[in-house]
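Please keep the sequence and the structure in view while reading.

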Amino acid sequence: MMPAISLSGVDVSFATPAGPFRALDKVALEVPDGRFCVLIGPSGCGKSTLLRVMADLQQPSNGSVSVFGRDPAAARRERRISFVFQDATLLPWRSVLDNVRLPLQVGGWSKLGRAHRDPAEMIALVGLAGRESALPHQLSGGQRQRVAIARALVTRPDILLMDEPFGALDEITRERLNEELLRIWQETRTTVVFVTHSLSEAAFLGQTIVVMGARPGRLTKVVSLDKDTSTHDIDRSSAEFFEITSALRTHLEEAERAAA
Ligand SMILES: Nc1ncnc2c1ncn2[C@@H]1O[C@H](COP(=O)(O)OP(=O)(O)OP(=O)(O)O)[C@@H](O)[C@H]1O
């Protein structure tokens, strides 16, 4: 089956006053359609840069990228890739419903002739039914991120890229949103690439966990977990969960040692 995302030999170099800075070095990765893939790695190892390459927001200096076998620029033009960032970036003067509708009102959406999802249904999917007319300042940080997820899904994307979406939230809210996100993913079956600094978040969410090392940014380990994806009943206090988190910590420490 055609992978959702395929990267081969991807290098990214940035021009800096001190000369070229190599942010990514020969990154090769395939993300199968419908998979929940998590990226972890030390700060500055290139996780956000890698997401930007997948979204066609950053051109690789070398290597190739394809999205469902095609140029990622086509996927971007057709709005088949959505992004969720750490900050929900909602328009403060628009209600929840109008923020979720926004992607269908801008960027030439109507000319694409693509089917979209119902904004009200997306609001219900993220657990905010009844709050459609609220303004962003009337919501908690976790609720604002729920709106950002609803807004990202309204265009029926094939791929959802999430850059530390819950990084600014307290632990309990983050855990609840992790559970909600798994439920949403199981309902929509969108391919997800999710960046986090939290090992327990990575272990909880990921089917594939990609560990990155720094200087230059590269993949050091790809861990595939044989999770039952038909349920989201993952026990964070189980021995298995502890083992996965410990193994990820070891991989991350190895990646950090190699970059030191
Ligand atoms: N436009 C740019 N010009 C120069 N250097 C850049 C540019 N964008 C990113 N970098 C550098 O590339 C490296 C990778 O950055 P990136 O933001 O992808 O890392 P990250 O792993 O997402 O970091 P963090 O976990 O701290 O968010 C960093 O060293 C960063 O300073």
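**Overall fold**

The protein chain contains 9 helices and 9 strands. The model is a predicted one, and the values below were computed from it. The points that follow are grouped by topic.

- A compact globule of 260 residues would have a radius of gyration near 18 Å, and the protein chain, with 18 Å, agrees with that expectation.
- Along its principal axes, the C-alpha trace of the protein chain spans about 50 × 45 × 40 Å.
- Of the 260 residues in the protein chain, 38% are buried.

**The shell around the ligand**

- There are 13 residues around the ligand, and those that come nearest are F14, S43, K47, S48 and T49.
- Two or more residues of this shell are given by each of strand 1 (5–16), strand 2 (19–31) and helix 1 (47–54).
- Helix 1 gives the most to the shell around the ligand, namely 3 residues.
- Sorted by class, the shell around the ligand has 8 polar, 4 nonpolar and 1 charged residues.

**L248 in helix 9**

- L248 is found in helix 9, which covers residues 239–259.
- Because 21 other C-beta atoms lie within 10 Å, and the cut-off for a buried residue is 20 or more, L248 counts as buried.
- Leaving aside neighbours within four places in sequence, L248 is in contact with I40, L199, A202, A203, I209 and V223.
- One of these partners, I40, is 208 residues from L248 along the chain, and the C-alpha atoms of L248 and I40 are separated by 9.0 Å.

**R79 in a loop**

- R79 is found in the loop between helix 2 (72–77) and strand 5 (81–84).
- R79 has 19 other C-beta atoms within 10 Å and is therefore partly exposed, given that a buried residue needs 20 or more.
- Apart from neighbours within four places in sequence, the contacts of R79 are with G107, W109, L112 and T155.
- The C-alpha atoms of R79 and P3, which are 76 residues apart along the chain, are separated by 18 Å.

**Backbone geometry to check**

- As background, most residues other than glycine have a negative phi, and most peptide bonds are trans.
- Which phi value does D56 have? Phi of D56 is near 65 degrees, which is positive in a residue other than glycine.
- D56 sits in the loop between helix 1 and strand 4 (62–67), and D56 is partly exposed, with 17 other C-beta atoms within 10 Å.
- F68 likewise has a positive phi in a residue other than glycine, with a value near 50 degrees.
- The place of F68 is the loop between strand 4 and helix 2, and F68 is partly exposed, with 17 other C-beta atoms within 10 Å.
- Is the peptide bond from R215 to P216 cis or trans? The bond from R215 to P216 is cis, with omega near -10 degrees.
- P216 itself is found in the loop between strand 8 (208–213) and strand 9 (218–224).

Conventions:
Residues numbered from 1 in each chain as written. Predicted model: local features only at pLDDT ≥ 70, side-chain atom pairs only at ≥ 80, totals over all residues. Near = placed C-beta within 6 Å. Helix = DSSP H or I, 4+ residues; strand = E, 2+ residues; numbered from the N terminus. Nonpolar A, V, L, I, M, F, W, Y, C, P; charged D, E, K, R; others polar. Rg over C-alpha atoms; globule rule 2.2 N^0.38 Å. Buried ≥ 20, exposed ≤ 12 C-beta atoms within 10 Å, placed from the backbone. Contact = placed C-beta atoms within 7 Å.
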